[in-house]
Amino acid sequence: MPESHREYLGESCWDLLCRLAPLKHRNSGTTLLRQGDDATSVILLEHGNVMVTAHGPHGAEELLAVRGSGEILGEMAVLTNGRRSATVRTLEPCRVRVVTAAKFSDLVDEHDLLRRLLQHSYSRIRESDRTKLELATGSVALRLASLLSRLADTAATDGPVRIQLPQEDLARLIGASRNAVGRALKEWSGHGWLTTSAGGGLTVTNLAALRSHAATA
């Protein structure tokens, strides 16, 4: 997984950013940033996982990335005085800080962070491009295994990882039918790589197997 902003910028810089806004709690499924909106703030993701999506030219929602704790969300739109290019939605209960654009820009100027943020953003653009290519050309099994691996990678645990997205959302994000996703999950459950819940969602129990499958499917 690429470095988070917190890892890339360092703890001292992250602490300075956190002092700019109080900690807030957001429920699962909350939209933090919306594509097309004015960039009036950035989000510091202190804890939890979010997905980044965008609507393409034909209206379909495309998955661009999954982000975890220690990320700055929406910073490029603020720094370029633009509009949001993507939507960010929580995948689970999250703890965030909402920093105004003015405060964030002042801190970036004061500590000469612009170049470092641009470098980090470029690496993330390349990651998003790889994700889109994979979703456009890979098999359903490859796309689903890769998505589950990305979702699991953001969890701060070495054990089983709970993923709360229902099968309908998984199917939508990889551009597949719910039946195709269900068949793949049933097969992997039989292998012991994951377990599904009757109430929705699943638990990944063998991330290494999913990663291997994503690489060879």
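**View 1. Helices H6 and H9 cross with axes that come within 8 Å, at roughly 140°.** This angle makes H6 oblique to H9, a term for angles that are not under 35 degrees (roughly parallel), over 145 (roughly antiparallel) or 65 to 115 (roughly perpendicular). Axes are lines fitted to C-alpha atoms, for helices over the stretch in contact, and angles run from 0 to 180 degrees between N-to-C directions. The crossing is left-handed: the near helix is turned anticlockwise from the far one by less than a right angle, whereas clockwise would be right-handed. From H6, the contact (heavy atoms within 4.5 Å) includes Ala-141, Ala-145, Leu-148 and Ala-152. From H9 come Leu-207, Leu-210, Arg-211, His-213 and Ala-214. Helices (H or I, at least four residues) and strands (E, at least two) are DSSP runs, numbered from the N terminus.

This is a predicted model: local features need pLDDT of at least 70, side-chain atom pairs count only at pLDDT 80 or more, and totals for chains, interfaces and linings use all residues. Residues are numbered from 1 along each chain as its sequence is written, and side-chain values use heavy atoms, with hydrogens and water left out.

**View 2. H6 also packs on H7, at about 110°.** The two axes lie 10 Å apart. That angle makes H6 roughly perpendicular to H7. This crossing is right-handed. Val-140, Arg-143, Leu-144, Leu-147, Leu-148 and Leu-151 of H6 meet Leu-170, Leu-173 and Ile-174 of H7.

**View 3. The largest nonpolar core holds 31 residues.** Such a core is a set of buried Ala, Val, Leu, Ile, Met, Phe, Trp, Tyr and Cys residues joined through side-chain atoms within 4.5 Å. Buried means under 20% relative accessible area, exposed over 50%, partly exposed in between (1.4 Å probe, protein chains only). Leu-144, Leu-148, Leu-151, Leu-170, Leu-185 and Trp-188 have the most contacts inside it. Elements that give two or more residues include H6 (140-153), H7 (167-174), H8 (178-191) and H9 (207-216). H6 supplies the largest share, seven residues.

**View 4. Trp-188 touches Leu-144, Leu-148, Leu-210 and His-213, among others.** Neighbours within four places in sequence are left aside. Its partners also include Ala-141, Ala-145, Trp-193 and Leu-194.

**View 5. Four strands form an open sheet in the order S2-S7-S4-S5, with antiparallel pairing.** Two strands pair if DSSP finds at least two bridges between them. S2 (31-33) and S5 are the edge strands, each pairing on one side only. S4 (residues 50-55) and S5 pair over six bridges. Met-51 stands opposite Val-66 in S5.
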